[in-house]
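Here's a quick tour of one protein chain.

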Amino acid sequence: MSNVRDFPVGIGSQLAGKLLTNIKLIVADLVSQKQLCRIELSRFVRLNTLLSSKAGGDRVELNADLDSLSSNFFREFSRSEYALKAAGFHNGEGNAQANWAAFALQVEPYIQNPGDASVSEAIKFILHEPPKKQIIRDGLIQWDAAEPNHNSQAENLFVYIRRVRNNLFHGGKFNGHWFAPERSEALITCSLVVLKACINQIVSTREAYNG
């Protein structure tokens, strides 16, 4: 994982402007919570990859956009986790904990064939460029791939989405400035797309989410 804190736009300010426009459109759509799964993620990811080619030149900070996006992600994740528990996807008596594995079994068919290009692109991105897990090794903070090995692709996917949340919440991606902002932006955006799409696939979670 790169620790680049901003990314170069030496390939042209016009292209950088298009990227920032795309990001603003994505954030606005996420905040409004309407037509989330119609986001042009494939175009965003391709453009983001192109801009991270380290061609040199001026740099564009994404901190303000990432602050807004991460705030929205925390809100959506909390709301989704409540929806799981309220819909019966929990671990039973005792501590109220969401059972993501049980939920994954229900949405596995959808994850295998989402029928929506933006959701499919988001799933592929998370699985092919998954977030790493922050660990302590030899007294130092390091990153470990820690790949999940569940039989369910949906369950592996939710492990990664929860890891995105954990990395944000526990200081793995931010300590006053963003680490690898272009990668963080892509992972948070893709996680939001998948999370919202899956919640909407099950009647009980959708009703709990909207209730």
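A helix here is a DSSP run of H or I at least four residues long, and helices are numbered from the N terminus. Keep in mind that you're looking at a predicted model.

- You'll find Y110 in helix α4, which covers residues 100-112.
- Y110 counts as buried because its relative accessibility is 12%, and the cut-off for buried is under 20%.
- Setting aside neighbours within four places in sequence, Y110 touches V119, A197, C198 and Q201.
- Y110 and C198 sit 88 residues apart along the chain, yet 7.8 Å separates their C-alpha atoms.

**The salt bridge**
- The structure has one salt bridge, and it pairs E129 with R183, with 3.8 Å between the closest N and O atoms.
- This pair ties together distant parts of the chain, 54 residues apart: E129 is in the loop between α5 and β3, while R183 is in helix α7.
- E129 counts as partly exposed at 40% relative accessibility, whereas R183 counts as buried at 16%.

**Helix α6**
- Helix α6 runs over residues 153-169, and at 1.5 Å a residue its 17 residues should span 24 Å; the end C-alpha atoms are 24 Å apart, so the two agree.
- Twelve of those 17 residues are buried, so α6 is largely enclosed by the rest of the structure.
- Among the buried ones are L157, F158, Y160 and R163.

Note on methods. Residues are numbered from 1 along each chain as its sequence is written. This is a predicted model: local features need pLDDT of at least 70, side-chain atom pairs count only at pLDDT 80 or more; totals for chains, interfaces and linings use all residues. Side-chain values use heavy atoms; hydrogens and water are left out. Helices (H or I, at least four residues) and strands (E, at least two) are DSSP runs, numbered from the N terminus. Buried means under 20% relative accessible area, exposed over 50%, partly exposed in between (1.4 Å probe, protein chains only). Contact means heavy atoms within 4.5 Å. A salt bridge is a side-chain nitrogen of Lys or Arg within 4 Å of a carboxyl oxygen of Asp or Glu. The expected span of a helix is 1.5 Å times one less than its number of residues.
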